[in-house]
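Look at the sequence and the structure first, then read on.

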Amino acid sequence: MSKTAIITGANKGIGLAVAKDLIAKNYQVILACRDTAKGKMAEEFLGSNAVFLELDLSKPSSINQFVNQINSDYSEIDVLYNNAGLIYRDFELTEEGYESMIAVNYFGSFRLALMLLENLHRSSGRIVQVTSLSMYLARTFNISGLHSKDSFSPSSRYNFTNLLRSMFAIELENKLKKTSISVSAAHPGVTKSRQSRPYEVKKIKKSFYTYFSTNINTGIAPIIRAIEDESITADLVYAPKLIGIYGEPTLMRHNKLVYNQELRDKLWSYTANELNLNI
Ligand SMILES: NC(=O)c1ccc[n+]([C@@H]2O[C@H](COP(=O)([O-])OP(=O)(O)OC[C@H]3O[C@@H](n4cnc5c(N)ncnc54)[C@H](OP(=O)(O)O)[C@@H]3O)[C@@H](O)[C@H]2O)c1
């Protein structure tokens, strides 16, 4: 029987390329995207094993609606790949008043995963959390004033959300130890994610990263391993072997802050309290 996977932000980039790979392996893939036109374009591009469902991770009402739809249409979800994210965004608040990178990259994953646990449990499913090399650039853990513009910078905030993504993966795994659900984490290195798009990108602004970023296949390989390798845990992160950018996937340690239980407890209770959601 074919497996079913949900991929958030699957209309382009890494999410779309992972969807294509899983479909080639006979998965049915739910493309959870915020923009209907882009989601439908990806659905058409990927063929009959892809289904688009609207999901905007910055809006709790959209997450609720998505989860209700999933629970009514699918009794067993085998994989949830938390991929969607905002990269280096300027300061912006969501409707709820949360800073947008925290809201999408971290709160969105937390909400969606916790709301889908019953469904994932039925299939002994797996939650795969994307993170980034940039987590290693986060030097301190500070969750006060996260939604204020004071001392906000797009790059340090993006780095920090990736630290939180890694901490979330490990803590979620701890909390789910007595269940049949497994958790893993992966990062794609630095990848030319636009290579997967089903539409042409006319003007591509060359950035610093353009010079050493890898092709999309190198980037998605660690993610695929995190989906398929049944022996791994979220304690280590799948990443390209050479300096976390080039080569085959291998298992690496996260930023050392991620292994601090006291900080993870602090983060978990802060998040559970903010989102009014817990296990
Ligand atoms: N590329 C890299 O080198 C790299 C490295 C490390 C980690 N990552 C992580 O990998 C993930 C994918 O990266 P990428 O390079 O493929 O990025 P991308 O091309 O910018 O794709 C991001 C995806 O997330 C979606 N998204 C943004 N906000 C959303 C929301 N509120 N609700 C639902 N979906 C939303 C986007 O939808 P729209 O098209 O509608 O904006 C898009 O589909 C990101 O989380 C990123 O942090 C990437």
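The shell around the ligand has 11 nonpolar, 12 polar and 5 charged residues. The model is a predicted one. Of the 28 residues around the ligand, those that come nearest are Gly-9, Gly-13, Gly-85, Ser-132 and Ser-193. Helix α1, residues 13–24, supplies the largest share of this shell, with 3 residues.

The chain as a whole contains 8 helices and 8 strands. Its radius of gyration is 17 Å, close to the 19 Å that the globule rule gives for 279 residues, so the chain is as compact as a globular protein of that length. Along the principal axes, the C-alpha atoms fill a box of roughly 45 × 45 × 40 Å. Buried residues are 47% of the 279 in the chain. Among contacts with a separation of 6 or more, 69% join residues 24 or more positions apart.

Two groups of its residues are listed here.

| Group in α8 | Residues |
|---|---|
| Buried | Arg-264, Leu-267, Thr-271 |
| Exposed, on the face turned away from the buried side | Gln-261, Glu-262, Asp-265, Ser-269, Asn-273 |

Seen down the axis of α8, the buried residues fall within an arc of 65°, so they line one face of the helix. An α-helix has 3.6 residues a turn, so residues three or four places apart point the same way. The cover over the buried residues of α8 includes α4 (100–115) and α6 (154–175). After α8 comes Asn-276, which has a positive phi, near 55°.

How values were computed: Residues are numbered from 1 along each chain as its sequence is written. This is a predicted model: local features need pLDDT of at least 70, side-chain atom pairs count only at pLDDT 80 or more; totals for chains, interfaces and linings use all residues. A residue is near a molecule or strand if its C-beta atom, placed from the backbone, lies within 6 Å of it. Helices (H or I, at least four residues) and strands (E, at least two) are DSSP runs, numbered from the N terminus. Ala, Val, Leu, Ile, Met, Phe, Trp, Tyr, Cys and Pro count as nonpolar, Asp, Glu, Lys and Arg as charged, and the others, Gly among them, as polar. The radius of gyration is taken over C-alpha atoms; the globule rule is 2.2 Å times the number of residues to the power 0.38. A residue is buried if 20 or more other C-beta atoms lie within 10 Å of its own, exposed if 12 or fewer, and partly exposed in between; C-beta atoms are placed from the backbone. Two residues are in contact if their C-beta atoms, placed from the backbone, lie within 7 Å. The arc is that of the directions from the helix axis to the C-beta atoms.
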